[in-house]
Every structure is written in structure tokens, then in C-alpha cells.
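Here is a short tour to read with the model open beside you. Please keep the structure in view as you go.

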Amino acid sequence: MGGAGVGIGLRAAHHREILERRPALAFVEVHSENYFAAPAAASLEAVRDDYEVSLHGVGLSLGSSDPLDPRHLAKLDALARRIEPLFVSEHLSWSSIDGRHLNELLPLPFTREAAAHVASRISQAQERLGRALLVENVSAYCALGPGEMSEWEFVSEVARRSGCRLLLDVNNIHVNATNFGFDAREYLEGIDPALVAQFHLGGHEARGALLVDTHGARVADTVWSLFGDALARIGPRPTLIEWDTALPPLDVLLGEAHAAQDAIRHSAATAAA
Amino acid sequence: MSTLAAAQREFARSLLEEPGEARAGLAVYRASVGANFAAALAATYPAVRRLVGEAFFAEAARRFAVSHASASGDLNEYGAGFPAFLAAYPHAAALAYLPDVARLEWACHDSESAPEAPDFDFQGLARIEPARYGELRLLLHPSVRLLESAHPIVAIREANAPGRDGTPERVEGPDYVLVRRVDGRAAASSIAEGQWRLLARLASGDTLETALGGEPSGAALAAWVSQGIVSGFTACAR
């Protein structure tokens, strides 16, 4: 795929409609684990005939102190070989300890030990899969112990050490800036544009004093504004609209995708002027 | 032990086990983890959920999550132990059929993620002398699951599908159930006991001669091959 097209997260409820309507999208992204089973992988192959596909994993638990799960990696590898995806991405988080899975994207402490650990695991995964991974910054609601650096320094350190590239979730930056009281623009300033391969945009909700990354709402105005800053600072990249809970009609997602496309076009025009 | 491992262990412990109100951030994670597990269980066990009602199911799911750790990063693998949990759950004791309906729902879920099988090798079969057919072992498709129950679990599950009124066509008597994948979805059917036992013997690896035990079952075997229920054979001795 050339340039910086816009895609949407493809969820089971929209599968048939996407194949029937074939809306203009640069790519679609799916949760890798939902396509490990043979019939599901076959249905994704049918989508692959019309669209570039990005595999976005939620279960590899890259940041865990447990060993990487070879069975999970083997399934991801088989799926990637079958689908030949545009990207294979995972999260900069952990979800299991002592063999017990919480199946949630849990935060890492921003320490040198954690950065070295997760970077070595990303390297292992990249070696097993024979390709570079994209790793996504996650939203967080509490810190896992005291940190030694900022989140953006941590994210950059992991990417530099492992050779992975970043899937920068703009909504997650805004959510964490609110929850932890830092400046989202300072985060963007701290990221080397060369490390960034993709953007995510999604919706959040307020719960008390916290913002929660629910992927169940439209992209907020503050996040669109931050996306504009990200485009100006980092440049255009393939961008994805993510929506998981309370899934709306497909047209709502396509509307958000158009808005992202407009933002990218506007940014390019501003840069050229 | 590394600092990271200690921090993760402590975080998981406080998230899963600490009673009472959690601080705001931890409470978000706790709610999300609980909701994810409950949603995964509800997706796999819709008939059980309808039979017991939403509140009962939610409480059973909560207790199951406490006692049964998820063992995979893939939530689709979560909940294999739920039928056994229900069998030992005192609040469900009045619903004698419930654990078997749950077993059937897990079998359907598991069947849908089973591997594919290569097409039946008719040419290979043609190379074998008919006199030696009795020595063959037939292979059932990887998506085939066989269950028996003292209750009519297929009828109960079907009656509790969306759009049905919950009244089973059959309310008592045993069930011999064949589950297999058809067009990517699990299909459960009640079959005759004799046919079920024959399939069970084939599944256990009996040779055709031993499995048949002198009964003529050619028509059933041919149908199973054409339906893809029998997907292959091995000619070698074990």
C-alpha cells in the first residue's frame, strides 16, 4: 500500500457487509486471535482478496515476565503466512503472569529493566515471525510502580533496542496525558518520526476523574486536534479507526475514516503551503 | 526474582484477589477483566445463559473466573472447564441437564476452531483390496465431537436458540449426539444409539472389522464419507 491511507477495524458483525459493499478503504485491521481457527482464517482470506489486512494481536503478552508462549506465536506465524498482512502489530503491555492470563492490556513500569526485558521479547517474536513487529502504546489507569523515565522515553527506548516500529495510538496518548497529568504535545515531541509506522484513532469515555479507552465512541474533538499535531510533527502514516464495544453501523466507521482522510489531506496541504 | 516479575505478580494478585473497593485505576482494570471473561463465557454458552437467566449466569461466571484461571492469551480458549464447574455448582443442582447442555455448547465451540482435514483419498482406497477393508482404521474429521447424555440436550439447546420459545421438542430420554462443522459453523444432531456407538468405536481407533462387529453398516459408512464425517483412513497396523 502506498502512502498514508485510512482503514477501519473489521469486526465480525460487519464482515458480510464489507464483502458486499466493498467500501474504498486502504486496509482493514483485525484482532489476530479471532482468526487463528481454520474457518475464520479462510473467511479472512476472502477479505484479503479485496483489501490489505493488518493483524493486530491482543494476546501475545510481550511485557510479561513469563516466557513467550510458543503455541501462540506458532498460530500467529501460520496466520501471517496465510494472509500476508500489511502489518503485524502487538501491544506494549503484559497480560499474564505465572501462566495465568488476565487477557487485558496491563501497563508496564517505565524502568530500564522493563524496557530491556520487553525489547528482548519483541526481538524473539520478530525472529520467530521473520518480520518486524509494530508495537502500540497502550492506555493506562494506574502505574505499575515508580518509573525512571517518561512514557515517550520508554516507548522510544523499546523501539530502538528491538528494532520494532511504533503503532502510535493518538487516543491513548490523550487518555494517558489526562490520567497521569502530562502534556500530550510533549509526548509527540519526544517521538522520533522515523520510528512511527501507523496511527490508531479510537473513542474514549470519562469515568470519574479517569478517561477510559473503550473503543466504543466516536473519536473525540481533542483527539482529532492531537492527530493534527501528530501529522504535522511526524507526517502522514497509515491510519486506523478502531471501534470494539457498542459497534455502530458500518457507515459511522466509514464517516470517521473519511474524517481521518480529510485531516491527512489538510495536513499535507498545510505542509506544502 | 526480577523487580518486574514481582510487580506483575503483586498487580495480578491485587486485581484478582483483593476483596472490597479498589483504588480508581485498579477498579477500571478489575471491571474490564471481569467483563471480558463474562462476555467470552456468554458467547460460548448462550443456551446455558438463557436457561439460568442473566443474573444467575453473571454470578456463575464471576465465581468461575475466580476459581479457573485463563490459560491462554486467546480468549477463544477460555471456558473449557465451565461444564464441570456447573456440575459441581450447588445452585445449579436442580437443573440436572445443565452441565450436559454446557458440554454440548463447548463441543460446538471447540468444533468450530478445529483444523481442516484433507479431502477423502478415494484413489488411495481404490488401491486397497476389498478383502483387506476390515483392517482399515477410519479417521473422523477433526471437527467431529461425540457426546452422550441422559437428557435430550440437542432439543434443549435448539429450543433456547434466539427466536425460539424455550420449549424443547423432547423433554426426556437419552441423547446420542454428533457435532461437526458444516460451512464453518458447528452442527449438532441426535443420531441413533447404534450409529453413535459405531462412530465412537471408530474414533477410539478400532479397525473397521472390530468396530463393525459383524453388523452390516455399509450405507452408514458411505453416508459419513460423503458428508465428510469420515475424512480419511489409515491402512497401517498400529
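What percentage of the 273 residues in chain A do buried residues make up? Buried residues make up 51% of them, where buried means 20 or more other C-beta atoms within 10 Å of a residue's own, exposed means 12 or fewer, partly exposed lies in between, and C-beta atoms are placed from the backbone.

A word on the source: this is a predicted model, in which local features need pLDDT of at least 70 and side-chain atom pairs count only at pLDDT 80 or more, while totals for chains, interfaces and linings use all residues. Residues are numbered from 1 along each chain as its sequence is written, and chains are lettered from A and ligands numbered from 1 in the order in which they are written.

**Chain A**

Chain A has nine helices and 12 strands; these are DSSP runs numbered from the N terminus, with helices being H or I of at least four residues and strands E of at least two.

| Item | Value |
|---|---|
| C-alpha trace of chain A along its principal axes | about 50 × 45 × 35 Å |
| Radius of gyration of chain A | 18 Å |
| Distance between the end C-alpha atoms of helix H9 of chain A | 33 Å |

The expected span is 1.5 Å times one less than the number of residues. Among the buried residues of H9(A) are A:Leu253, A:Glu256 and A:Ile264. The buried residues of H9(A) pack against strands S1 (6–9), S9 (196–202) and S12 (239–242) and helix H8 (221–234) of chain A.

**The core**

The largest nonpolar core has 129 residues, and A:Val135, A:Val158 and B:Val101 have the most contacts inside it. Such a core is a set of buried Ala, Val, Leu, Ile, Met, Phe, Trp, Tyr and Cys residues joined through C-beta atoms within 7 Å. Helix H6 (residues 98–112) of chain B gives the most to this core, with seven residues. Domain 1 (1–95) and domain 2 (97–238) of chain B both contribute residues, so the core lies between them. Leaving aside neighbours within four places in sequence, A:Val135 is in contact with residues including A:Ile122, A:Val158 and A:Leu167; contact means C-beta atoms, placed from the backbone, within 7 Å.

**Domains of chain B**

The bounds of these two domains come from an automatic or database domain assignment. Their centres, taken over C-alpha atoms, are 32 Å apart. Across the boundary, 14 residues of domain 1 of chain B are in contact with 12 residues of domain 2 of chain B.

How values were computed. Contact = placed C-beta atoms within 7 Å. Rg over C-alpha atoms; globule rule 2.2 N^0.38 Å.
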